[in-house]
Amino acid sequence: MPPGPQTVAIVGTGLIGASLGLALRRRAPETAVLGADADAAHAAEALRLGALTGTGSTAEVLASADLAVLATPLDALPALMELAAAHVRPGALVTDVGSVKGAVLDAARVLPQTVRFVGGHPMAGAAVGGPEHADPLLFENAVWALCPSPGLGDLAESAPEALWMVETAGARPVVLDADRHDLVAATISHLPQLLAVALVETAAETGADALGLAAGGFRDMTRIAGSPFSMWGPILRDNRTAVADVLASFGDRVGALRRSILDDPTALASAFEHAGQTRAALPSSSKGFLAPLADVVVWADDRPGFLHGLTGTVAAAGLNLKDAELLRVRAGEVGTFRFGFETAADADRAVEALTEAGYRAERRGEG
Ligand SMILES: NC(=O)C1=CN([C@@H]2O[C@H](COP(=O)(O)OP(=O)(O)OC[C@H]3O[C@@H](n4cnc5c(N)ncnc54)[C@H](O)[C@@H]3O)[C@@H](O)[C@H]2O)C=CC1
Ligand SMILES: O=C(O)C(=O)Cc1ccc(O)cc1
């Protein structure tokens, strides 16, 4: 891992900022992490949770930083770039966590030549904001997109602090250009957010009885429908061109599905088959699209302490759980858990230890 900075400043200590602080404090306790927030209660809460080693005004923390992370909603960034231009020390690196990158790289042009900027976007989050929902493991195994300013070249040479931050947070850096990032984010993040909203609105328009009948599929597809507009409004504004293009292509696809439902069952079947194959090829066990983890599936028992015993067995075998997911559960019925391990050997050992302890556990997938 590249060497870390002495002092990190996090401006905006909400969900993402405080989660990053918690992860850095855990993995790099020698690094000072200073925080500032327009809402003093958020900075105080992040400090109380142990995500920060100190707090100060935005200008103060920016002036102390070797690495400054802007973790506010997107609409605050242009003014914060001006503040960073006035206060960040020469030689320091500035980054952000915003969900759109082209507009942020434009705003970063006010930084002086002596201050480097790399746009960042962790591909992990939650539908609720605020430091009270912070989680040190939020970024574990997630992809973290990095979009360097023009002229920076290889980040390992020009901005190792950015790679250090991502890796220390437990995430996997993916370097790409801002335009490509914004088109991909429009497709795999901004479109799904809009579809979740549209699905709920469509069902609500059909009537309360429709929502009452909704099953797991509707729930899965609409989990993010309630994400805060205070975050999504600026995202959709800053990425409106790419989002409008992606919505138009999606509209064409919906139109084609409608035509094939009415007159072309073969085309409909082939769309299902192609989508099924494409979806199956996604590594289910990593949060992003990089190297998959090795999976173990464990059948749940409806008894108190089940999960505690399960994770205890894995820990007692000296194995490091990288990811966990409840796969199927309905009220009053048992489900299955998927556990992800870094290597196939770890996953095999977990199956052995769990089976010995009386659980039904199996390896899944080829990983
Ligand atoms: N929540 C999510 O799932 C993800 C969010 N992001 C991006 O991260 C950014 C932050 O999101 P969250 O942490 O979820 O939001 P949040 O609402 O939990 O935190 C934002 C914090 O910034 C503070 N703030 C607002 N304006 C400020 C200013 N001018 N100066 C200092 N502090 C200010 C707020 O008081 C709040 O504490 C957004 O730009 C979003 O695009 C990226 C990936 C995932
Ligand atoms: O909760 C989820 O599944 C998300 O997809 C969260 C999320 C929201 C915004 C981003 O820019 C990145 C990730």
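1. The shell around ligand 1 in this predicted model divides into 15 nonpolar, 13 polar and two charged residues. Here Ala, Val, Leu, Ile, Met, Phe, Trp, Tyr, Cys and Pro count as nonpolar, Asp, Glu, Lys and Arg as charged, and the others, Gly among them, as polar. Local features need pLDDT of at least 70 and side-chain atom pairs count only at pLDDT 80 or more, while totals for chains, interfaces and linings use all residues. Residues are numbered from 1 along each chain as its sequence is written, and chains are lettered from A and ligands numbered from 1 in the order in which they are written.

2. Of the 30 residues around ligand 1, those that come nearest are Gly12, Gly14, Ile16, Gly125 and Gly129 (near: C-beta atom, placed from the backbone, within 6 Å of the molecule).

3. Helix H1 (15–27), strand S6 (116–122) and helix H11 (229–238) each supply at least two residues of this shell; H1 gives the most, with three. Helices (H or I, at least four residues) and strands (E, at least two) are DSSP runs, numbered from the N terminus.

4. Four strands form an open sheet in the order S10-S11-S9-S12, with antiparallel pairing (a pair needs at least two DSSP bridges). S10 (321–326) and S12 (361–364) are at the edges with a single partner strand each, so one side of each has no neighbour in the sheet. From one strand to the next the twist averages 25 degrees (axes are lines fitted to C-alpha atoms, for helices over the stretch in contact; angles run from 0 to 180 degrees between N-to-C directions).

5. S9 (294–299) pairs with S12 in the antiparallel sense over four bridges. Valine 298 has alanine 361 in S12 as its bridge partner.
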